[in-house]
Protein chains: 2
Amino acid sequence: MTKGEDTRSNVLDAALAMASREGLAGVTIGRLAEQVGMSKSGLFAHFASRDNLEVAILQAGIDRFIARVVSPALKAPRGEPRLRALFDRWIAWGDDLPGGCIFRVAAVELDDRPGPARDLLVASQRDLVDTFSTIAKVAIEEGHLSKGLDPQQLAFEIYCLGYGYHQVARLLRDPAGPARLRAALDRLLHADRA
Amino acid sequence: MTKGEDTRSNVLDAALAMASREGLAGVTIGRLAEQVGMSKSGLFAHFASRDNLEVAILQAGIDRFIARVVSPALKAPRGEPRLRALFDRWIAWGDDLPGGCIFRVAAVELDDRPGPARDLLVASQRDLVDTFSTIAKVAIEEGHLSKGLDPQQLAFEIYCLGYGYHQVARLLRDPAGPARLRAALDRLLHADRA
DNA sequence: TGACGAAACGAACGACCGTTCTATTGTTGG
DNA sequence: CCAACAATAGAACGGTCGTTCGTTTCGTCA
């Protein structure tokens, strides 16, 4: 890794942490430069524009998400174990950055702002839902889950549950949250065996 | 209503719309003043500080939420009808402002920033969950919902579903969203009668 | 080791930020 | 109708924003 790539990577790590706390828009070139100990212009040169920086932050987040959440989960045994592995890692991912899930933050900022950053985020989130759906489909075929379940409906509900929980955890700080989350997932997967 | 109160109310209406699109932090005194056609200093005088403005915006959002969502829903027949009325109005509330639910936006900005604005938001969201819980309890007592259900667990899952849906609707724009939402709520309330 | 390109710096820019003053306008009760 | 006060305007402030440009330092390879 060349010097430039190394610096860029360090900058993006700091930017990711900052963005999770203060939003993409809250990542200021000045404060970011101060954070990593370099000059505004020196840092700026790596990204050529503010917009590019936002896209780079998002891409760095996606890369990290795949490395820490998706890829490890896909190594779990197929079917329900893999489904739960992905869900658990996704939930734990909310604690990976100081301000919580970067995609939750970015979603609110970007959902009304067309552009490459939004496209990137939407694609990555659709990927996540699709991954849940695919894994659920296999879980049904394997007999882990009830035949009557619709994998896409299940993926939708899992997605809602995950983001809803992130909200409950970070805003409401309900200590009962994790237990309620577990119960909700169990009911989601096995509503028929009560 | 005095002239000042009238102006303040107009300003807050515009601010609410702006905040829903660009976040509380995106509401700038200059742009807001331009929007309502007055001077920065004239507008500023109504709030005395930027922080106060944020709190006022949030309070205006809460007032509107109660007027348009909670109060009308509480007029529905007790039990499941009231539960569904509250849920439906809550979901529709996402289209009340141009940038979607103001609380979803504010939650992301405030969940890491202690202060009166955060306190106000947390209290209002806890109120919402509690309201769902109370109505669900009655619905169970009335025999509308299964005796085995835990009202608080149900409220948690409804809350997750609502916020998850807002996310799916605004970011992913999945046209199947509303149907999936309806199916999810039905399953939530009547998982036992399949 | 010396040259050359990559990387970082420092200073400056115009624009906008929140906030403060003072002055001017508008409203309203006696 | 006019005095008293509420409401708004205008200009200015220090600060930070993203961005530019010319210069200097650093890494690397012949």
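Reply: Helices (H or I, at least four residues) and strands (E, at least two) are DSSP runs, numbered from the N terminus. By that rule chain A has nine helices and zero strands, and its order along the sequence reads α-α-α-α-α-α-α-α-α. This is a predicted model, in which local features need pLDDT of at least 70 and side-chain atom pairs count only at pLDDT 80 or more, while totals for chains, interfaces and linings use all residues. Residues are numbered from 1 along each chain as its sequence is written, with chains lettered from A and ligands numbered from 1 in the order in which they are written.

Me: How many residues does each chain bring to the contact between chain A and chain B?

Reply: Two residues are in contact if their C-beta atoms, placed from the backbone, lie within 7 Å. Chain B and chain A each bring 34 residues. On the side of chain B that touches chain A, α6 (102-110), α7 (116-141), α8 (151-172) and α9 (177-189) each give two or more residues, and the largest share, 14 residues, comes from α8(B).

Me: Which residues are closest to DNA strand C?

Reply: A residue is near a strand if its C-beta atom, placed from the backbone, lies within 6 Å of it. DNA strand C is surrounded by 21 residues, of which the closest are Gly4(A), Met38(A), Ser41(A), Gly42(A) and Gly30(B). At least two residues of this surface come from each of α1 (3-22) and α3 (40-44) of chain A, and α2 (29-36) and α3 (40-44) of chain B.
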